[in-house]
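Let's walk through this model together, strand by strand. Have the sequence and the 3D view ready as you read.

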Amino acid sequence: MLKRERGSLPLYKQLEMMIRESIDNGDFSYGDILPAESEYMAKFGISRITIRQAMQLLASEGYVQGRPGKGTIVTKKKIEEALTGIKSFSDEMREHGVEMETLSCKAGYSDTPDYIASILGMENPGRCLKIERVRAAGGIPLVFSTTYIPSSRNLPDDPDLYSDSLYAVLSSKYGIIVAKATDTFEAVLADRETAGMLCIEEGDALFKRTRQSYDQHSDAIGASISFYPGNRYSYSIQL
């Protein structure tokens, strides 16, 4: 029960600590829906404002996320990825028992940005296929990525082709095998567009991964810029 004696922590903080402990102990699992506000109000004799203050704290810590029409969902399955080899994001998540879905996918040809041409060492970049995707687990966005592939690869711009694992599509349909890659990681803050794509707040912490991919002949396949919410994802490196 919540303490109301003088000197006790604020009620919303006590509730936040209680729910956080329940999630850490496994009473609530990733994807579970927390009890409705009315249940907390009846059980603890507290106001709706107090409950919402507690939920805001939990959300800022990455424990929960409010979903319109569904309630408050537990999101505290922070995924830790060990960097030990080249994997697609789908394969990375499958190893953690997480099935991915694509919330949005856009594809089309455009001029190659100068910084992408520089990353890939392209002297005459011309046009490229640009693929923008938001991948999620349980409806919760985990990564927003933009991939640039030189037009010399002659890939179609049908977004339906790229809604699943990009590496699998390149390999099975076009014989393009990602044999080598270079990753660069940065800590950045979410701008308005990225925050909207990932359903987070502008200014929230992100991992930014820039990947250069090469095929079995050491020819450039493309470059990807990916953003991961810092409260849902982490990396470990085996040295």
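Start with an open sheet of 6 strands, ordered E4-E5-E6-E9-E8-E7 and paired antiparallel. Strands here are DSSP runs of E with at least two residues, numbered from the N terminus, and two of them pair if DSSP finds at least two bridges between them. At the edges lie strand E4 (101-111) and strand E7 (180-189), each of which pairs on one side only. On average, neighbouring strands of this sheet are turned by 15° against each other, direction ignored; the axes behind such angles are lines fitted to C-alpha atoms, and angles run from 0 to 180 degrees between N-to-C directions.

A word on the source: this is a predicted model, in which local features need pLDDT of at least 70 and side-chain atom pairs count only at pLDDT 80 or more, while totals for chains, interfaces and linings use all residues. Residues are numbered from 1 along each chain as its sequence is written, and side-chain values use heavy atoms, with hydrogens and water left out.

Within the sheet, look at strand E6 (residues 140-150), which 5 bridges join to the antiparallel strand E9 (residues 220-229). Here Tyr148 stands opposite Ala223 in E9.

Now find Arg135, in strand E5 (residues 127-137). Arg135 counts as buried because its relative accessibility is 2%, where buried means under 20% relative accessible area (1.4 Å probe, protein chains only). Between Arg135 and Met197 there are 9.9 Å from C-alpha to C-alpha, although they are 62 residues apart in sequence.

Finally, turn to E1 and E2, a hairpin with 3 residues between its strands. Strand E1 (residues 64-67) runs antiparallel to strand E2 (residues 71-74), joined by 4 bridges, and Val64 stands opposite Val74 in E2. In the turn, Gly69 has a positive phi of about 85°.

Methods. Buried means under 20% relative accessible area, exposed over 50%, partly exposed in between (1.4 Å probe, protein chains only).
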